[in-house]
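Please keep the sequence and the model in view while reading.

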Amino acid sequence: MSGPRTGTTTRTGTEDLLIVGAGGFARETAQAVRDAAVRDAAHGRAPRWRLAGHLDDDPALHGREVDGVPVLGGSDRVHELTAARVVVCVGSPRDYAVRARLVRRLGLPGSRYATVVHPTAVVSGSSVLGAGSVLLAHCVLTSAVRIGAHVAVMPQVVLTHDDTVGDFATLASGVRLGGGVRLGRGAYVGAGALVREYTEVGAWSLTGMGSTVLADVPPGEVWAGSPARRLRAAGGPALDELARDAWARPDGRTPDGPGPDGPGPDGPAAAPYRRAAAHEHETGPRPEARTPEARTPEARTPSAHVPQSHLPEPGMGSPVT
């Protein structure tokens, strides 16, 4: 694996790593860490990470082991174990917004988050990986791929030239993105899905497994089939995140309020965003937004089609060794 371009100074030595979650994705990440340690040992290097344990909010798991890795307690223990780096490995098609909610609740600085890359992944030197992201076995990032923070990239995913993947997105196993695809914040792309070049997959949308995406997928919608077509609006948690993003300030922060009467994303000030989102998800966007012509590079400039606050910054990333 060649090293990706990052926006922070490369660390040295072995660091403790906490994996938040103890389900399937977390177990796969733990295995990637172990596999990387074996590779480092074979090359006479100290391991990049020392697997300290899982943190999970299910009390029934506390004090037990998952695949030989101890569950040390709930996720809030990240505030006690301050010397360890952290990666959040939760989420499923049923609630693919849970990773964003948990990261927000933990409130850790970006410097606490690790970036985990399986040793069989191929990452070009011109690609960028965000803090908290995980790349599992046999992923390929070809050229100038930009992956945001807390992104889950499952085994055998292929991202080709100039793809951009927003924060909190999930790419299930076997996904293939053509060149110049823009995957929005929090989007979930199901196993084996194919996305045509220069297509835009909207924030907090869900693309069904095995789908063939030939046209833009609007934010907050569920699309499936070959070719993929709209099935319905996304679930409530995804639409909540979409409304929160609409209410976010330019610096990306959201002014949370004390409930439905407060100024935050659930309060009255955000109601127009939520009503507009709900209307669009029920009626669908304008037909021209889904035509193949909208996919050509000449007609698809970042400033016209993707909010810049939802794209990875050019210098973002965490060190990967």
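Two strands are said to pair if DSSP finds at least two bridges between them; strands themselves are DSSP runs (E, at least two residues), numbered from the N terminus. The model is a predicted one, in which local features need pLDDT of at least 70 and side-chain atom pairs count only at pLDDT 80 or more, while totals for chains, interfaces and linings use all residues. Residues are numbered from 1 along each chain as its sequence is written, and side-chain values use heavy atoms, with hydrogens and water left out.

With parallel pairing, 5 strands form an open sheet in the order 8-11-14-17-20. Strand 8 (128–129) and strand 20 (200–201) stand at its edges; each has a single partner strand, so one side of each lacks a neighbour in the sheet. Within the sheet, strand 14 (residues 164–165) runs parallel to strand 17 (residues 182–183), and 2 bridges join them. Val-165 stands opposite Leu-183 of strand 17.

Attention now turns to the nonpolar cores. A nonpolar core is a set of buried Ala, Val, Leu, Ile, Met, Phe, Trp, Tyr and Cys residues joined through side-chain atoms within 4.5 Å, where buried means under 20% relative accessible area (1.4 Å probe, protein chains only). The largest such core has 29 residues, and Ile-147, Leu-159 and Leu-171 have the most contacts inside it. Another core, of 27 residues, lies apart from it and includes Val-20, Val-78, Ala-97 and Ala-238.

Val-222 counts as buried because its relative accessibility is 6%.

Technical notes. Buried < 20%, exposed > 50% of the residue type's maximum accessible area, 1.4 Å probe, protein only. Helix = DSSP H or I, 4+ residues; strand = E, 2+ residues; numbered from the N terminus.
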